[in-house]
Amino acid sequence: MGERQRVRGNLHGARGLQISASYDSSGKSSRMRTLVAECKIPTAPSRYEEVETMAESIGYEVIDTIVQHRKSLHHTYCVGPGKLEEIKMLVVENDIEAVVFANTLPSAQVFKIQRVLGGTDIKVIDRNLLILEVFDKRAMTKEAKLQIALAKLRYTFSWGREFLRLEGILGGQVGWSGPGDYPYHDYERTAKKRIANMEKELRDVYSKKSLLRDHRRERGFPIVALAGYTQSGKTTFFNRMSAEHKDTGLGPFTTLSTFARRIDQNNGGDNFSFILIDSIGFIEDMHPTILKAFNTTLGEISNADLILLFVDVSEDLESVFRKLTASKEILEKIAAKVPLVICANKTDLCNDSRLKEGKKLISRTFEGVTLVEVSALKGNNTEEVVRQAYNHLNGSVSLAPSSSLELHSSP
Ligand SMILES: Nc1nc2c(ncn2[C@@H]2O[C@H](COP(=O)(O)OP(=O)(O)OP(=O)(O)O)[C@@H](O)[C@H]2O)c(=O)[nH]1
Ligand SMILES: [Mg+2]
């Protein structure tokens, strides 16, 4: 067993997040008292900070965080049994109502952990379910709501059987059909039917959208898509270009649906128009089920004539690198052939040497890419982004597609 570590004290409350606390009639905050737990193994990066930020952004109150370093995940509880007992004590001492694991937990582990910690009185979720909760909270459009409901159903589809088996209700022997199999079969049939219905509803929404896209193309407007890690500043740029007032800065995944606006610009006397598309941000290590649910939203990026990849260059270099890598991996999967301009955003928060370091890192990571320094918030250098888009869309320069860019080592 490896070293154990307790982290906390810094509640990351000063990250500019708008936390949606609600209050009961006595004025007491009704945010759920939460403990974040992580089993950190050498082969995977730590995720607890990101999970704290996500949880706090949708109204959980993170009281404590506990990280255990192990060579491998414990097969039953993710963390070791001794650490789980420690977590249980903290849960009791601090009136904790929810434990959020920064790891991915198989369904059996969720139920087993929950049993140790106090049964159904304690909410136990993993990073993927937290991401789905964030989505749920932010979903405004029918499309986003359907995508999330579908992802949740798919993600938890096998959980019913696991739960019944652990409760001793389901026949455990192969080929034996105990009385508990009936509720499970009912559950399975109903879930499959709901999944099929939702898939059909979503297909209808998508086909309307794709008609709209074809229509735009027929009218000759090129499509420029904003892409990048969540909270990198895409919507801030979109609002500035389109004079819109879409939500920004509410925390990870502020934008979930796709928005498109026609932008009319003048470049050195030449009028030109394009469709600017804003959509969901990226995150590392997105579960395939969740990613699949957003395939079509991400598909808006695949169909673009140009991608503006936003990078928050004001963060520490390690975060910049991790996020660049995650963005590159996703772009390679969904839009390998689409040309790219990188917008090194939030330059207003960087001093000269910090900006130089950040740019060096981007250029080392994405060799040969066109890089524009910009502040979407202040409007600094946004005209250069437009100029680059114009040059590319009018064929005067050809930009490297993301697939031709080599990834290099970390800082
Ligand atoms: N200082 C500074 N802050 C910025 C800049 N651009 C964006 N922000 C802030 O960064 C936060 C995130 O911006 P968003 O535009 O919501 O980011 P996003 O990429 O659309 O995020 P998702 O919708 O979650 O994918 C907001 O609080 C913005 O005000 C910038 O150039 N400078
Ligand atoms: Mg956004």
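The following legends describe close-up views of a predicted model.

**Figure 1. Overall composition of the predicted protein.** The protein contains 13 helices and 11 strands. Of its 411 residues, 35% count as buried. Among contacts in the protein with a separation of 6 or more, 74% are between residues 24 or more positions apart.

**Figure 2. The largest nonpolar core and the surroundings of Val-311.** The largest nonpolar core comprises 95 residues, and those with the most contacts inside it are Val-99, Ile-307, Val-311 and Cys-343. At least three residues of this core come from each of domain 1 (4-125) and domain 3 (221-404). Leaving aside residues up to four places away in sequence, Val-311 touches Gly-228, Ser-232, Val-320, Lys-323, Leu-324, Ile-342, Cys-343, Ala-344, Asn-345 and Ile-362. One of these partners, Cys-343, is itself listed with Val-311 among the core residues with the most contacts.

**Figure 3. Packing of helices α4 and α5.** Helix α4 spans residues 127-138 and helix α5 spans residues 142-155; their axes come within 10 Å and cross at roughly 160°. The two helices are therefore roughly antiparallel to each other. In this pair, α4 passes α5 in a left-handed crossing. On the α4 side, the residues that meet α5 are Asn-128, Leu-132, Phe-135 and Asp-136. Their counterparts in α5 are Ile-148, Ala-151, Lys-152 and Tyr-155.

**Figure 4. Packing of helices α1 and α4.** Helix α1 (residues 48-57) packs with α4 at an angle of about 35°, and their axes are 10 Å apart. The crossing, in which α1 passes α4, is left-handed. Helix α1 contributes Val-51, Met-54, Ala-55 and Ser-57 to the contact, and α4 contributes Arg-127, Leu-130 and Val-134.

**Figure 5. Packing of helices α2 and α3.** The axes of helix α2 (residues 81-93) and helix α3 (residues 107-117) are 9 Å apart, and the helices pack at an angle of about 55°. This arrangement is therefore oblique for α2 and α3. Helix α2 passes α3 in a right-handed crossing. The contact is formed by Leu-84, Ile-87, Lys-88 and Val-91 of α2, together with Ile-113, Val-116 and Leu-117 of α3.

Figure 6. Lys-292 lies in helix α9 (residues 288-293). Because 15 other C-beta atoms lie within 10 Å, Lys-292 is partly exposed. Its C-alpha atom is 9.9 Å from that of Leu-150, although Lys-292 and Leu-150 are 142 residues apart in sequence. Glu-199 belongs to helix α7 (residues 181-218). With 12 C-beta neighbours inside 10 Å, Glu-199 counts as exposed.

Figure 7. Ala-243 is exposed, because 8 other C-beta atoms lie within 10 Å. Lys-346 counts as buried, because it has 25 C-beta neighbours inside 10 Å.

Figure 8. Phe-366 is found in the loop between α12 and β11 (370-373). Because it has 24 C-beta neighbours inside 10 Å, Phe-366 counts as buried.

Terms used: Residues numbered from 1 in each chain as written. Chains lettered and ligands numbered in written order. Predicted model: local features only at pLDDT ≥ 70, side-chain atom pairs only at ≥ 80, totals over all residues. Core = buried A, V, L, I, M, F, W, Y, C linked by C-beta atoms within 7 Å. Buried ≥ 20, exposed ≤ 12 C-beta atoms within 10 Å, placed from the backbone. Domains from an automatic or database assignment. Contact = placed C-beta atoms within 7 Å. Axes fitted to C-alpha atoms, helices over the stretch in contact; angles between N-to-C directions. Helix = DSSP H or I, 4+ residues; strand = E, 2+ residues; numbered from the N terminus. Parallel < 35°, antiparallel > 145°, perpendicular 65-115°, else oblique. Left-handed = near helix turned anticlockwise from the far one by under 90°.
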